[in-house]
Amino acid sequence: MTFSMPSSSFPAPPGGSSRAGRRGRRALLLAVVALLAAGCAITEPATRPGLTMPPGWSEPVPAAAMQPGAGWWRSFSSRPLQGLIDEALAGSPDFRIAAERVRQAEIQLRTAGASLLPFATVGGDTDWRRTDPARGRAIDSESSGVSLAISYEVDLWGRLAAGVAGADASLAATRHDFEAVRLTLVAGVASTYFQLLTTRTRIDIARDNIAIAERVFDIVEARYRNGAASALDVSRQHGTVLAQRAALLPLENQERQTLSALAVLLGRVPQGFGVDGETLATLAIPEVAPGLPADLLVRRPDLASAEAQLAGADADVAAARAALLPSVQLSGSAGLASTALLSLANPSNSVALTASLTQTLFDGGRLRNDVEAARSRRREFVENYRAAIFTALKEVEDALGNADRNRRQEGTQQLIRDQAARALRLAELRYREGADDLLAVLDAQRTLFQAQDLLAQLRFARLSAALDLFKALGGGWEHPRPTASATTRTSAMYPGDDAGD
């Protein structure tokens, strides 16, 4: 149902009709007030999950520890890692994709904001027409005209403003997602680099173990030639040498695959890629202070993104409810017309102003279903937010526990490795002197090989636990305060190729 009220219909009629006109305007005013009062009821309070954050952590917290901050990866004291991360932030395809998504969200926000402004169009036409009747002369007619039209929707109920608020929340969520991608990329590069160094350390250990096995094999052969050892001893030790050589092959393959994975993270082709880095033992393992559990709400970009999505869902509900109410449209047009072709000589003028009120009477329940669907999506985002908080709390607890247990386990494993090395030296000496058989040497070799390899893996586990804790705490990110120029810093904040802009 549409009511159109041209401006020419508003002048007061003369005589007694003026009282009727005043009554009509009063009735119209009362109707508008009633509609405004109804509009006040379309907003609903923002929904947030009812969740009480725990006062502290269950796992032990290091007494002397650092707070995560910008450039947290420097705390591992690795210059090669710094270079790899800088290269990844400059060339990773995933990072550039996330930056483009931020730009798209900014464009959508500007598009939504344009709906609050008037819409103007200008047009021109010229026409020549010949009418040739069955009898009489042909008649030629010519005309030319130019027109300007302006339309504006009065956002009485906040539907358009809610759309802008939803686009703004979507932009905030996309920016937080961008920061989450940055954190994931940096942590991924660091983890892959640590795995590469661990694999190389295990390769070095495997080669040392091959050398030890070959040295013992030479002793066994010498004893066999002198009749002090049996052929069985020679065969057993030869099998140990072959087993150690076979164990080296999957480690070398793992090194190549890890290098390829690191190249992809950096945005480079895997072929010909190499990293000349340090050893695993030169890396520092920082102690990280987790702060309070409630701090996670402003320190993790994924939680900030979930909160922004919830704010967008609130805006969607408001927009859906506002769509139930009448829409008010103002429009105006002006034009010049002439009876000449391609000319506006001696034009005639026209001006029109229109106000229209549109209210949906029947739509089969579509608009009300849209409201219920928006409310359901909002409830979904509430639960997503709660689940994200639970996951964040678990990740911090797990990382704290792993850091503490891996540190203690590594210390114990170092003692085990040292004792295994001593046992092997004694077993070799006793075998040379004939005080023990080869089985003692074989058992000592196997124990030492396993202890050395496990120690390297525990070192990697400690590095991974520290890395996981940095990531679980948001990597030093903090919820930014909104500023008026937030949408004008895209090129500085988000990398990308703007050459085509």
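## Basis of the model

Residues are numbered from 1 along each chain as its sequence is written, and side-chain values use heavy atoms, with hydrogens and water left out. Because the model is predicted, local features need pLDDT of at least 70 and side-chain atom pairs count only at pLDDT 80 or more, while totals for chains, interfaces and linings use all residues.

Leaving aside neighbours within four places in sequence, Phe194 is in contact (heavy atoms within 4.5 Å) with residues including Phe76, Leu280 and Phe460.

## Arg200

Arg200 lies in helix H4, residues 159-225 (helices are DSSP runs of H or I, at least four residues, numbered from the N terminus). Arg200 counts as buried (under 20% relative accessible area, with exposed over 50% and partly exposed in between, for a 1.4 Å probe and protein chains only) because its relative accessibility is 19%.

The side chains of Arg200 and Glu255 are joined by a polar contact of 2.9 Å, a term for a pair of N or O atoms within 3.5 Å, where within protein one must be able to donate a hydrogen and the other to accept it, and residues adjacent in sequence count only if both atoms are side-chain atoms.

## Ser77

Ser77, in the loop between helix H1 (17-40) and helix H2 (79-91), has a positive phi near 55 degrees although the residue is not glycine. Ser77 counts as partly exposed because its relative accessibility is 48%.

Technical notes. Helix = DSSP H or I, 4+ residues; strand = E, 2+ residues; numbered from the N terminus.
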